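Hello,

Here is the structure I promised to pass on. Please open it first, then read my notes below.

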Amino acid sequence: MPEAKKILIVDDEPDIVILTEKFLELENYETIPCTNGNDALQIIEQEHNDIALVLLDLMMPNISGYEILKSIKSNEKFKRILVVLFTVKSFTEDIQKGKELGADGYLVKAVSGKELLSYVKTILEKHPS
Ligand SMILES: [Mg+2]
């Protein structure tokens with residue numbers, strides 16, 4: 001199996017998806033943009049072998065980030081995929097809930113592009129797929 005490399009960005013705010021993609025592409029990460037939960041689940045089903053990491057917004061209409069996180073981490077096929085919650089929610093209970101559902105980390109959205117890149121780089125290096 002080839003090394004999984006892609007980063008799936010899931011956020012219902014298109015501007016955030018575009019901005020995040022731009023930063024990640026500066027370091028040549030391959031990204032898959034996604035602005036809704038249903039599409040995210042479909043992309044994960046089809047491309048899970050190529051996906052190393054999901055940057056996942058928590059607050060989205062229809063399907064929340066928690067539900068997507070649960071679908072990834074409760075499925076043998078997907079659970080090696082790293083999931084970093086990407087959220088404005090930085091309350092302890094939200095982070096705790098994410099951890100209980102198997103999240104590998106979280107980033108608060110106020111993060112700078114530089115911090116985003118350094119975080120992504122570190123977590124991918126720590127968990128080679
Ligand atoms: Mg949102």
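Start with the pair formed by helix 2 and helix 3. Gly37, Ala40, Leu41 and Ile44 on the helix 2 side meet Glu67, Ile68, Ser71 and Ile72 on the helix 3 side. By class, this contact holds 5 nonpolar residues, 2 polar and 1 charged. The two axes come within 10 Å and cross at roughly 15°. With angles under 35 degrees counted as roughly parallel, helix 2 and helix 3 are therefore roughly parallel to each other. The crossing of helix 2 and helix 3 is right-handed.

Bear in mind that this is a predicted model.

Next, helix 1 and helix 5. Helix 5 covers residues 113–126, and its axis comes within 10 Å of the helix 1 axis. The crossing angle is roughly 60°, which makes helix 1 oblique to helix 5. This crossing is right-handed. Helix 1 contributes Thr20, Phe23 and Leu24 to the contact, and helix 5 contributes Gly113, Leu116, Leu117 and Val120. The tally by class is 5 nonpolar, 2 polar and no charged residues.

Now the core. In soluble globular proteins, nonpolar side chains tend to be buried together. Here the largest nonpolar core has 27 residues. Val10, Leu53, Val54, Leu55, Leu56 and Val83 touch the most other members.

- strand 1 (6–10) and helix 1 (14–26)
- helix 2 (37–47) and strand 3 (51–57)
- helix 3 (65–73) and strand 4 (82–87)

Strand 3 gives the largest share, 6 residues.

Which residues does leucine 53 contact, leaving aside its neighbours within four places in sequence? They are Ile7, Ile81, Leu82, Val84, Val120, Ile123 and Leu124.

Is tyrosine 29 buried, partly exposed or exposed? Tyrosine 29 is partly exposed, because 18 other C-beta atoms lie within 10 Å. Buried would take 20 or more. Not counting residues up to four places away in sequence, tyrosine 29 touches Ile7, Leu24 and Val120. Ile7 and Val120 are also among the contacts of leucine 53. Leu24 and Val120 also take part in the contact of helix 1 with helix 5. Tyrosine 29 and lysine 6 are 23 residues apart in sequence, yet their C-alpha atoms are 6.8 Å apart in space.

Last, two backbone points. Most residues other than glycine have a negative phi. Asparagine 28 has a positive value, with phi near 65°. Asparagine 28 sits in the loop between helix 1 and strand 2. With 7 other C-beta atoms within 10 Å, asparagine 28 is exposed. Asparagine 62 also has a positive phi, near 70°. The place of asparagine 62 is the loop between strand 3 and helix 3. Asparagine 62 is exposed, with 9 other C-beta atoms within 10 Å. The cut-off for exposed is 12 or fewer.

Best wishes

Technical notes:
Residues numbered from 1 in each chain as written. Predicted model: local features only at pLDDT ≥ 70, side-chain atom pairs only at ≥ 80, totals over all residues. Core = buried A, V, L, I, M, F, W, Y, C linked by C-beta atoms within 7 Å. Helix = DSSP H or I, 4+ residues; strand = E, 2+ residues; numbered from the N terminus. Contact = placed C-beta atoms within 7 Å. Axes fitted to C-alpha atoms, helices over the stretch in contact; angles between N-to-C directions. Parallel < 35°, antiparallel > 145°, perpendicular 65-115°, else oblique. Left-handed = near helix turned anticlockwise from the far one by under 90°. Nonpolar A, V, L, I, M, F, W, Y, C, P; charged D, E, K, R; others polar.
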